[in-house]
Structures are given as C-alpha cells and as structure tokens.
Amino acid sequence: MKKLVWSSTRVEGGTRFRGVLAQPPVNTGPIQNAPMTGSILGPRPKSSSLSFYRDSVVVAYKSPVAAPEIASVTASASKLDAAKLGDGDVANGVTLTPPAESKEVWVEIAYAQPTLVQGLTMAVSASGAPGVTAHLAVSDDEKTWRTIAEIPAAKLALHTVSFAPAKGRFFRITLSPAPPTPLPGIFTNYAPGASVDKLLAMMAGLAAPLSYQLQELVLHPAATVHEAEAKAGFAIAPDYYAIATKPDAAPGTAVDASNVVILTDRMQPDGTLDWTPPPGSWVVLRLGYSLVGKENHPAPPEATGLEVDKLNRDHVRDYLNRYLALYETALGPRLFGKRGVNALTIDSTEIGAQNWTENILTDFERLRAYDPSPWLPVLTGVVVGGPQESDRFLWDFRRTVAELLAVNHYAEIAAAAHARGLVNYAEALEDHRASFGDDMEMRRYADLPMAAMWMYGTRRDSYPTYVADIRGAASVAHIYGQNLVAAESLTSAVQPWAYGPRQLKPVIDLEFAHGVNRIVMHTSVHQPVERPPGLSLFVFGQFMNRLESWADDARPWIDYIARSSYLLQQGRYVADVAYFYGEEAPLTGVFGEKEIDVPQGHGFDFVNAGVILDRLSVDKGELVTPSGMRYRVLYLGGTSRYMTLPVLRKIRDLVAQGAVVVGARPLSSPSLADDDARFQAVADELFGKAQHGAGRVFAHATLAEAFASLDLPPDFAYSKPDADTELLALHRMLERGDIYFVSNRRDRAEAVTATFRVRGMAPELWNAVTGEITPADFRMTEAGTAVALKLGAYESRFVVFREPTDAPSRTVAKAAETDLATLSGPWTLSFQGDRGAPKQLVQDELASWSDSPIPGVRYFSGSATYTKSFALPPDAYRNRGRIVLDLGDVRDVAEIRLNGRTLATLWMPPFEIDATSAIRSGQNLLEVKVANLWVNRLIGDAQPGVTKKYTFTTIPTYNADAPLRLSGLLGPVRIRQVAVP
C-alpha cells in the first residue's frame, strides 16, 4: 500500500532556478515522515524500518500570498526551539510539559506586522493522555484574546484545519488533554466478570506523566483546505460533507488554477530542477510515493508482510498468483479447486487509508474525464480555485481511489479465484468506515457477498453498523443475482466461551431476518491438543470448536441453521423500496449509529450509483433489475442530498418511464466534473412538479406518506400486545407460493395477529427447530392474510403459503392438555470425570450447579447426567393423546433418553419433547444429560489458592469474582398429555 508524499521548495520568479528539490519522505508510515506505531494487537510492525520512494510528478504554483515575517515564537511551559515547528518534519519537534497545577500549555506566534490567518497545520501528540485538543486565539496587544478556532483531537499525526479569516499580530494555540475516546461497542460489551483490565489499559493509553510532543505548527495566511489530510486520503472521516471547507476564504488568497505548472519533464532523476519561473513567488511541489507500511494481520511472524497495493491491478494479480500457487503446490490438484480447498474469502477491509499508486493520475483522468494536474496542490492542503472547487476535486480523488479498490482489488481477487476453480466470498468494510470504498461496489464481484454480525450479548439489541453491512451484502446478492448471502457470524471480543446455542440463536435470527442465508462462524480455532477449552484467536471469536463443553450436542443447533438457510435460499427476495444511500459514504458509515429509515414491514434493497446507472430499468411502473428484482419506489436517503449529474439524469429518465421517486431535491453535485448549471436544469425538470412523464416524484413526503398515496400496505404487519413488542420478517417469493421468516425479538412469549400481503393461499407454520409443519389459523382481509402467531421467547417460525384456497378463514382445532405428573427428587447426578466434581451425588431438588456448597459442583463445566425412575399410571393413555415430556428450564443443552431410547437433544425453550413412542405404563427410566458452558470452571480455576486447574487457555478469561452462570437441569420436569384434536 502506497501513500502520496511531497516536498515544498520556494523559488522567486523572474530568475533562473537550478537546484535540487528537497527529497520527499522515504520512510513507511501514515503521512509524510510520521513514523509507524504499534497497535493493541501487536508490537511496532517490522516494516517500520523500510525505506522506499519513487517520484510521480513535479508541480509548481504561484503563491497568492507572501510569506509573513515571524517576529518570535514563545511557549508557556518550556524552552522552545521554534525552528522545529515549521520544517515539515513530522517525526521531530519539541516537548512541552505543563506546570503541576495545570494540564494546559500554549505556544504563541508573534508576527512583525498584523497578519491575516485562515488555516493551521499541526502535528501534536501527548504522553499521559488519550489525545490532544486545542483552541487558537488572536490578539492585537497580547492582552485581549479572541478564540478563532476549536481544534478537536486528530487520529492522524498531521492535522490541518481552516477557519474564518482573522487578522492580528499575536496568535496563541492552547493545548489540553482530549477526553478518552469511547471504545467501540464490540469492546465494551464484554462478558460479565471477564478479565478486561489489561485490555482496557492498553486501549485507553499509558498512565505516564502528562507532556505534549509538538512536531509541527504552521499558520496559513493563504486559503487552506479544511481537514486536508482526511480529504486527501491519509485518514478516514465519518462524513466528508460535514467537514466542507469554509466558503468564506479571504478574496485573492486561493491559488489560481491557471497558475499551476507541471514541471515533471524538467526534473532530473537526482531531483535537480532547471526552471525559470514567471515573476512572483512560486512553490514547487515534488510529489511521489512511499509505503504506508500496513502489514497483514493477524498472522504469525513468518507469515507477516506488507499488504499489497490494492489500487493496482497488476500488483494484486501477481500477489494472488503467488499466494494461491503456494496452496496449489502444497495440496496438489486433487485437493485444490473443486475438491478440498474450494473457496477464497476476503475478510473485512481493516487496513486504513491508501491514496496512491503508480497509475493513479492516468486512472483519475480516465474515470473522471478531466486532467487532475492543475488541482494537485490541493492534495497538500492548498486551495486551488476556491474552497468548493478544491473540495469537489478531493471528492473526485477519493471516488477514484474507491473505484480502483473495487475494480483492481476485489474484482482481481475474484478473477484469480475463478481461474483456479475457487468460489469467492467477499466482505467489505463491516464496521463504520475503516477505509475508502463503496461497500456494495466492493462486493459486487463476489460469488457470495458477505457481511458480519458480532455477538452483541444482553446489553443491547444489535449494532446498527452491522445491520447496514448485512443489508448491503444482501442487496448486492439480490441485485446481481448471486442469491447466497454469507455473514461472518457471532464474532465476539472479550466474551470467552460465554454462550451456548440458546443465547446465540437471537443473533443468528437477526441475520436471517435481514437477508443472510449462509452462516460462517467466527471462529473455530483448530485444537491440536487435548487441553480444554483450548486455543483461541486472542480475545476474538465465538470459540466454537471440538473442545467446546457442548460440542457433542451441537448438531440440533446446526440443523436449525441449515434448515433455515435452505428455506431462505429459495425463490426471490421481495422488496418495495430501492434505497439510494448516496455517493459519499459506505452503508456502514451512513448507518453506523442510526437505524435505516424505511417503515417497518416494507422490504428494501440498497442501491448505489452503479446500480442506478447500470442495473435499473422500468417495467409496468416498477423498477426492475436483470436479476429479477422489482421495486415499487426509489427512495433518496442517506447522503443523497448531493449526487452526481449522471445519476440525476438517470433518475430523471427512470421517472419519465414510469418510476416513482420519494425524496428531497438534491442540492448540487459533489464532483468537479459536473456543470452546476446543467445539474440545476435537470433538477428543475425532475422536481419541478409531482408528475414527470409516466412517473411520480414525492419530493416533500415521507416513505410512509408515499406508500399511503400509492395504496401500498406493509408486506408484513402485526398487532402489539405490548408497546415494545417487536417482530422482524423477511419475505421470499416462490414460483408457486411465498415464504416468510418471522422472528420474535423479545425474551418473552408473544401472541400476535400478523398480516401478510398474500391472498388466496393457506398459511402453514414451519418450525426449523423441530422440522414440524402445522396448519395455521387465518382470515383473509383487505390487506392480505391475517395469521394467529404464538412465538416463545426469541422464537422464530417460517410462515409458508403454498396451497391455494378459496376459504375466507380457517380455525385449526386446538389440542387439549392435561398434566399427568411432576417429577420431583431425588435425582441421581453423574458428572463427567476429571472436571473437579464428584463422580456421583444425589440431588433432592433440582437446582443450579452454581448454587451448590460443593466447590467441585459449583464450578463444574462439562456434562452431567440426571437419572430418575418414575411410574406412569396405567390409565395415562385413556384419551389416546400424545405424551409430552417438559424439562422446564435447562442450562444449556440437554440430551434426553427414556427407557434406553434417545429421544432428542434440546437446546432452546421450550425444552419439551414428544415421548409417546418411548414412555410406558408403569416404571420408566429417564436420563437427561446436560452440558453447560465453560464459564464456571474458568472462574473456579481463577479462585485464590487453587493448586489444580482443570482448564487451559492462551488468554485471561474470567476474574475470580465473576458471576457464575446457571447450570444444569433446573426444571420443573413435568409430564402432560396432549389430546389429539
């Protein structure tokens, strides 16, 4: 991965200049000569010692403002070497230590004459603080100060801001500690009692004495690009429209594009430039590239190296050919391709920013249709033309980087995989905005577009950014016809061995409800040793492997996932809305912290500019794609208040052909390639009236209001017994029928009336846990088919319409239930060996193992078998009904054997099974093998004074005072009869 680097040389016009241009930085690092640092996951990268540099272009511009004379630079706290603050060296500077009674320091720049300033570039870091904030003030007399800029903490070593022009002789910047940066939710949702102290200490910053390292401090009298480093691709901003450069730069302080000269041919290989500039003061920029230094991770040292240049097709192709050849050679053709290793996965892009490659200027001109040369100084923070024009060029630059990432990286990886018979899975950004790129565009080349959903536990309902990620992957599959939607699933951080299938199901169901139909578990680490619970991927993963305490009983849980996935792979997804989310940020950024604004009950797919331009057409008033998707409306949401002219034109044409658009008129184009007058003319044409051609435009209506006007009821609606009742549903249309997946999102039973936008078909309830299919009560309504649904806590059902019916309603006869017996103690309990528990004990009443006074039972993890003999009265079958065995509550998985016959393994409520085939009159022998989680034994092994530990892990897991988990058969155990209706 490469980054732009540059050096600046000032020359005076009117006389010949012959000299060597300063050498741009050659070291690896994030920007200029800023050094690389380590991360919480490892030491300083070994690539930090590399040196690399190549020239790209030499450009000169006539400076619009003369450099002011600095009279002095002073500081509040320490002796200051002022020369280090303006030398362009981001690696070296001065250290400022605040006095004991304060946390602040200041630096004051005094000019010989009152000077206009409208920008600042600073490189600063702090020891003993998570970051640095600053404010800049101006004064004419060093007595009265006026604050002119507040500067937030920056993630990058170099940080440029612009502000309203201010004039004065004295400028003072005050530095203070930034507040702690909130940790990502995935790192704060740790398991109760988990050993997180060391991790949090690493992530919160070192507890060192407070001091500030100020490497660079430059005030700019000329117009300056606000947040220039982020806009030029050295760092990532959540929303680039929110950091637009102020349009009120002082007149005459921006570089005129006509005063930018390309001098590449005049520089010799050794950096010598021979040039006679026109009159005036000129700045010569020697632009080239060096390495970001990002390494692949996580990987063992011998497999760690530089990340490939992702913007260059040739480099990506060469890398993949070498990489895949290693596997092909090691495995041989019989185990590589269609058999053996048959898929290649691109994990989430977590490598930060890259903004240069050898051919980027040529690619820019090809993709943006104009020459970037006059605008290149903008990449260094210099305003050319004006603030808006410079920002628009930078938008074009970032858009070029994003397109190159998609085409030269993702498409090339897919091509390399296909050339060897491999299937390609591809994730994108996953969480907010980890790098540049349009996450839909990145995944469109994959055979299986992929998302991620972390295990969010009990402290929240989900993470919006991951919901958006799944919706994006599903949209790609629907629109481009891939059908399969994969997801990295159940990933966790600092939640070691914390969950069983019962707790995992709500997250899996959330994925299903948003479009996933192929689950990829994260993580199943190979276990070469027999020391449970075993190895892990640091603090990350679901820890699902053969040494998991409930591994032997996992099949029914996996069967549920398989059945549900199979059903959700049938037919075609049904959606009412094509949601255009704009051209600025990826979905995971736009919806990183907020819900998607589509009314509940209406299916939707996201669409980006590429989909609008190349995949959408109109058929019978609906938007359609070549894959067969159909949408009733196109919604302009997200960041679509700005859109490029080609997209606006295509939307106009779609509406003219009969499409319906909902959304506000866009303000303008973000691209310098677009003509403003033409943009406004097309916008006037499209949004000037509600009816345009055969279509309609709802410019001042919400989606709900538009649906009402179009007489489009929800595809799925339900009654709400409680205010917070929540069900999610997903609809797939079959050739002859419909499938709805419905998930109860609450940890309690819900009885609702659900209305499906289907008529003339009789509904069935398909239970993917048991495989049962039962008819459902229904009645036909104007809105569709109303179905009575009873769902247990976090329970789900498939509602399937496959049989035509003329009946207006149906009521299915309900079975009558009769309690036959409650099985009380004593119970004989036999524990798995070598886990610290006694071999056997008798339990008078059912209770959690964690409540036992015996430490070996209290801290036990593994499986234990309950044995109980009971008698069933001879007349138990008098009604010829089914006999149901109900275990009550179980923590966490139970295998049931009755009279020597295995009935089932149960993993979620209701823990009940039809025992009719195995039960008998008279004496019966019940055996219930229960497996709990590893948590309690890990806590037991952390107790003070423990001499024998029963567990082995490679990371800290739980503190000694962590809360124990409920474990075992909790009951009550009942037998009841269900009369056949």
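The secondary structure of the protein comprises 17 helices and 52 strands. The radius of gyration is 33 Å, close to the 30 Å that the globule rule gives for 981 residues, so the protein is as compact as a globular protein of that length. The model is a predicted one. Its C-alpha trace spans about 115 × 80 × 65 Å along the principal axes. Of the 981 residues, 55% count as buried.

Several strand pairings were examined. In a sheet, strands pair through backbone hydrogen bonds, in either a parallel or an antiparallel sense. An open sheet is formed by 4 strands in the order β40-β52-β44-β48, with antiparallel pairing. Its edge strands are β40 (817-823) and β48 (912-914), each of which pairs on one side only. From one strand to the next, the twist averages 25 degrees. Within this sheet, β44 (residues 882-886) and β52 (residues 973-978) are joined by 5 bridges and run antiparallel. D886 stands opposite R974 in β52.

Strand β46 (residues 893-898) pairs with two strands. With β49 (residues 922-931) the pairing is antiparallel, over 6 bridges. With β47 (residues 901-906) the pairing is also antiparallel, over 5 bridges. I896 has a bridge partner in each: V928 in β49 and A904 in β47. β46 and β47 form a hairpin with 2 residues between them. In the turn, N899 has a positive phi of about 55 degrees.

Strands β41 (residues 827-831) and β42 run antiparallel and are joined by 4 bridges. W827 stands opposite Q843 in β42. Side chains in a regular strand alternate between the two faces of the sheet. In β42 (residues 840-843), L841 and Q843 make up the covered face, while Q840 and V842 make up the uncovered one.

The count of salt bridges comes to 48. One of them joins D274 to R18, with the closest N and O atoms 3.4 Å apart. This pair links distant parts of the chain: D274 is in strand β12 (residues 272-275) and R18 in strand β2 (residues 17-20), 256 residues apart. D274 is partly exposed, at 24% relative accessible area. R18 is exposed, at 58%.

A salt bridge also forms between the side chains of D553 and K929 (3.6 Å, N to O). D553 lies in the loop between β19 (533-534) and α10 (555-568) and K929 in strand β49, so the pair ties together parts 376 residues apart in sequence. D553 counts as buried at 5% relative accessibility, whereas K929 is partly exposed at 22%.

D576 and R757 meet in a further salt bridge (2.7 Å, N to O). Both residues sit in loops: D576 between β20 (572-573) and β21 (577-580), R757 between β33 (750-756) and β34 (761-766). They are 181 residues apart. D576 is buried, with a relative accessible area of 5%. R757 is partly exposed, with 24%. Elsewhere, salt bridges that share partners join D722, D724, E726, R746, R748 and E750 into one network.

On the surface, Y319, Y323, L326, Y327, L331 and L335 form a nonpolar patch. Together these residues have about 560 Å² of accessible area. Y319 lies in helix α4 (residues 313-331) and counts as partly exposed at 41% relative accessibility.

P184 is placed in the loop between β9 (159-177) and α1 (185-188). At 36% relative accessibility, P184 counts as partly exposed. The C-alpha atoms of P184 and D431 are separated by 9.6 Å, although the two residues are 247 apart along the chain.

How values were computed:
Residues numbered from 1 in each chain as written. Predicted model: local features only at pLDDT ≥ 70, side-chain atom pairs only at ≥ 80, totals over all residues. Heavy atoms only, no water. Patch = residues over 30% accessible without salt bridge, like charges linked within 9 Å, V, L, I, M, F, W, Y side chains within 5 Å. Areas by Shrake-Rupley, 256 points an atom, 1.4 Å probe, with all protein chains shown as cover. Salt bridge = Lys/Arg side-chain N within 4 Å of Asp/Glu carboxyl O. Buried < 20%, exposed > 50% of the residue type's maximum accessible area, 1.4 Å probe, protein only. Pairing = 2+ DSSP bridges. Axes fitted to C-alpha atoms, helices over the stretch in contact; angles between N-to-C directions. Rg over C-alpha atoms; globule rule 2.2 N^0.38 Å.
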